[in-house]
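Let us walk through this model by question and answer. The structure comes first.

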Amino acid sequence: MPVKIRLQRHGKKGKPFYWIVAADARAKRDGKFLEKLGIYNPNTNPATIELNLDNSVTWLQNGAQPTDTARAILSYKGVLLKHHLLGGLRKGALTEEQVEEKFAAWLAEKEKSVADKVGGLDKAKAEAKAAALKAEKEVNEKRALAAAEAALPETPEGESAEEEVEALEAAPAPEAATEEAAAPAATTEEE
C-alpha cells in the first residue's frame, strides 16, 4: 500500500488548520488515515507546527512519501535531517552520539532563528503602533489648534492682539450697558 505523509484540512471557511497524517495515497484528502503525526496552523505568525518527530521518522524509514507542503514542514522541523542522519548511522558512517550531537546543535540553531524572527515581529508591531500613536497625536493637536483659532474673535488687519485686549478692557461690560438702558425706561413708565 503506497503511504503518503500529507495535510488533512480542518477548521472553518477562511480559517483552516491542518493535521499532518500518514495516509493511504488512494484515500480521500480528509478521509481515513493511518496515523496522526501532528498539526499545522498557518493562521498564526509564525505558523504553529506541532509534530511527533519519532513517528514521522519511522514512517519515512518505512517508505512513506511526503507531499511537497508536508516535505517543507518536515524539513522545517528537522524530521528530514534526522532521517538523513539515521541513514548515516545505519551505514556506519556516524555513531549514535554524533547523530544526537548534530541534531541537538541543529535544533538549538533553529530555535534561535525562530526566536529572532518572533522578536523582530514584536519589534515591528511595536514600531507600527508607536508611529500610529504619533500620527494620531499630531492630528489631535491640529484639531485643537483649529478649534482654538475658531473660538477667538477675529482681529482687524491693522490691530494687534494687545491693542484689541486694551480696547475690550476700556469698553464698558455689555451687561452694565443693558442695565443702564433698562433703568431709564423703567423711570419713564412710572411717570
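Predicted model: local features only at pLDDT ≥ 70, side-chain atom pairs only at ≥ 80, totals over all residues.

**Fold, pocket and aromatic pairs**

Residues are numbered from 1 along each chain as its sequence is written, and side-chain values use heavy atoms, with hydrogens and water left out.

Q: How many helices and strands does the protein have?
A: Elements are DSSP runs numbered from the N terminus: helices are H or I with at least four residues, strands are E with at least two. The count is six helices and five strands.

Q: What share of the 191 residues is buried?
A: Buried means under 20% relative accessible area, exposed over 50%, and partly exposed in between (1.4 Å probe, protein chains only). By that cut-off the buried share is 19%.

Q: Which peptide bond is cis?
A: Most peptide bonds are trans. Here Pro46 sits in the loop between strand 3 (35-41) and strand 4 (48-51). With omega near -5°, the cis bond runs from Asn45 to Pro46.

Q: Which element gives the most to the lining of the largest pocket?
A: A pocket is an open set of points on a 1 Å grid over the protein atoms alone, where a 1.4 Å probe fits, with protein on both sides within 12 Å along at least five of seven lines; lining residues have an atom within 4 Å of a point. Strand 4, helix 2 (68-77) and helix 4 (96-151) each supply at least two lining residues. Pro46 and Trp106 are among the lining residues. With five residues, the top contributor is helix 4.

Q: Why is the pair of Trp19 and Phe33 edge-to-face?
A: Rings of Phe, Tyr and Trp (its six-membered ring) pair if their centres lie within 6.5 Å; planes under 30 degrees apart count as stacked, over 60 as edge-to-face and the rest as tilted. The centres of Trp19 and Phe33 are 5.9 Å apart, and their planes meet at 85°, so the pair is edge-to-face. The partners are 14 residues apart, with Trp19 in strand 2 (residues 15-24) and Phe33 in the loop between strand 2 and strand 3.

Q: Which residue pairs with Phe103, and is Phe103 buried or exposed?
A: The stacked partner of Phe103 is Trp106, at 6.2 Å centre to centre with 20° between the planes. Both lie in helix 4, three residues apart, about one turn of the helix. Trp106 is partly exposed at 24% relative accessible area. At 6%, Phe103 is buried.
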